[in-house]
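Work through the two exercises below with the structure at hand, and read each solution one step at a time.

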Amino acid sequence: MTTAVALLGRRAVRETFRMPEATIPTLFIPLFFLAVNIGQVSKTFPSSTPWLHGQGYVAFQTPVSLLFAVCTATSGLALVTEIDNGYFDKLLVAPVRRSSIIFGRLAADVVRGIGTATLVLVVALAFGARVKAGVPGAVAIVGLSALWGAAYAGFAILVALYTRNVQATNASFILFFPLLFLTPNFVPFDRLTGLMEALARANPVSYVIEGLRSLVLQGWVLDKLAICLGVIVATGLVLTWLSVRAIEGYDR
Amino acid sequence: MTSTVPEHEIGRSVVTEPVRDDGPPGAVKARGLVKTFKGGVEAVRGIDLSVRAGEVFGFLGPNGAGKTTTVRMLCTLLPPTAGTALVAGLDVLARPAEVRKRIGVALQEIGLDPVQTGRELIELQCGLYGIVGEDARRRAQELLDLVGLTDAADRRTKTYSGGMKRRLDLASALVHSPEVLFLDEPTTGLDPASRLTVWDEVRRINALGTSVFLTTQYLEEADQLCDRVAIIDAGRIVAEGTPEALKAEMGHDVVTVALDGADAGATAAAIGALPGLERVVPEPEALALYVEDGPSSIAEIVRRLDQARISVGAISVSRPSLDDVFLSATGRRLEGADSAESPPESGGDSA
Ligand SMILES: Nc1ncnc2c1ncn2[C@@H]1O[C@H](COP(=O)(O)OP(=O)(O)OP(=O)(O)O)[C@@H](O)[C@H]1O
Ligand SMILES: [Mg+2]
């Protein structure tokens, strides 16, 4: 079981490196976001704004860019492509647990997430953001982002397994927009209108942003980090469990 | 229709051979296998199969006959709608994990990971079957040599030609020296030389003790390679036996009378009870007469047609082929039979 996960994980990671064309486009939006924020929005919110804790708006927005970078449909797309070309059948007919196919993919998501999150963070730093929690804080930001990416990957994997359709899996990425924008992504919770605030508070993604943002702006705020980690783990468990169930039940 | 084949000529009955309850389980034993897809397509309509340990078994049928569906059910990839199947003595539904350890599978749709190299793909395959480290490297090299991919081993599989992909896929089905090997149309799309290579490989694997279940649309492949064949059409097995027995059962010689517009019924009536006539099978635009002695029957056939003032086209004599068996069972010729009828050395399709 563990051997199979390791083998399939290594293969998926190798695929990531050999198919940069699958990863590079996912970086456009987060980097574009950072650039827009430094160029324009930062004039609206000067660093004297209280909730910016003395930093520029880029720092406030960095977590949003990080989530954009790590939340992808890449694993789902890889899986549906494999279903399409028949290699998936080869894996299903091998004497390994089907769940190792999923775990192999998630392993690659963590590795890819570490890479893209590091890149986005470095660009944010270059644009003037500073991590209040220091170097360990930066490591935590990258780690939490990558974990969230793997947790969220289950969603596209589910779409892939249920629809077996490349376009549908690709389109599943769209869902992330409402999830990401119904959050305190532009301004803090208390600056949102009543309805928006209620929606944002019900949206788990908000707490991931809040946790990452606290590391950037405030340092080690343990309760925010605990909630952030809790949301990541819970989302990961639910989506991964559903994915494993879907693959175990595939054509059965 | 006359059918006066002497009893000793019948090697095996044309009707499906029932699976016997006694005896060893063999490589594959299926009974009453049915697959009805969502939407109501009855792909497989209750087939019984019995593949003995150590034999090469051919599953011959036209497009859409249900070959792939059957293979997928036997390989644990698709649950049957009804019926049971034992592969390597194990129930595919009750013990799929154990079945998977014992079978090798090369499906019709060649499934390769395009961004891995051939070597990586085989080594990964080894790992999935519990062969790791130095053993995996050695086994991969051995198999790559075997299928003639040593030079291309370190290229990504997306750069491979169709034939190379097939050979790599075949190699990947062999990493663990399976007890039963399933090959779904292993030579479709191969050039004649590659086809012969695959045949040789199948024979070699079989000689080492692996039972082989292969599907094909090619009569010649079934004839040359298989110890026994089952012919499937529209989800049902219409004939089963050794190629020799199936052909022998058809009769000695087949005289084909091209009708050229003549009426089939009238022509058959005119020929009537020809001496030595074993059976008459109508074909599109022709009549196939199975007779004891073809050459000497021709004169009599021509005389009788003349007498009845029926003019026909060409009259030819040949030995019965598996296509005649198929024709007799279904009333149709096997689609795609033409390309297989030419020997692999000459002409044919290319990869
Ligand atoms: N997933 C599916 N859903 C619905 N119908 C299917 C499915 N797979 C196969 N069929 C149908 O079942 C029948 C048998 O298909 P199958 O693939 O088993 O034929 P085959 O003998 O392998 O043909 P070929 O020589 O073309 O490969 C066909 O009519 C096909 O359209
Ligand atoms: Mg098929």
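A polar contact is a pair of N or O atoms within 3.5 Å; within protein, one must be able to donate a hydrogen and the other to accept it, and residues adjacent in sequence count only if both atoms are side-chain atoms. The model is predicted, with local features needing pLDDT of at least 70 and side-chain atom pairs pLDDT 80 or more, while totals for chains, interfaces and linings use all residues. Residues are numbered from 1 along each chain, chains are lettered from A and ligands numbered from 1 in the order written, and side-chain values use heavy atoms, without hydrogens and water.

**Exercise 1.** Find which polar atoms of the protein lie by oxygen atoms of ligand 1.

*Solution.* Begin with B:Glu185, which has a polar side-chain atom 2.8 Å from an oxygen atom of the ligand. Next turn to the backbone, where a polar atom of B:Gly66 is 2.9 Å from a ligand oxygen and one of B:Ala65 is 3.1 Å from a ligand oxygen.

**Exercise 2.** Describe how chain A and chain B meet.

*Solution.* First count the residues: 23 of chain A are in contact with 32 of chain B, contact meaning heavy atoms within 4.5 Å. One salt bridge joins B:Glu120 to A:Arg14, with the closest N and O atoms 3.7 Å apart. Finally, 10 residue pairs, both residues at pLDDT 80 or more, are in polar contact between chain A and chain B.

Notes: Salt bridge = Lys/Arg side-chain N within 4 Å of Asp/Glu carboxyl O.
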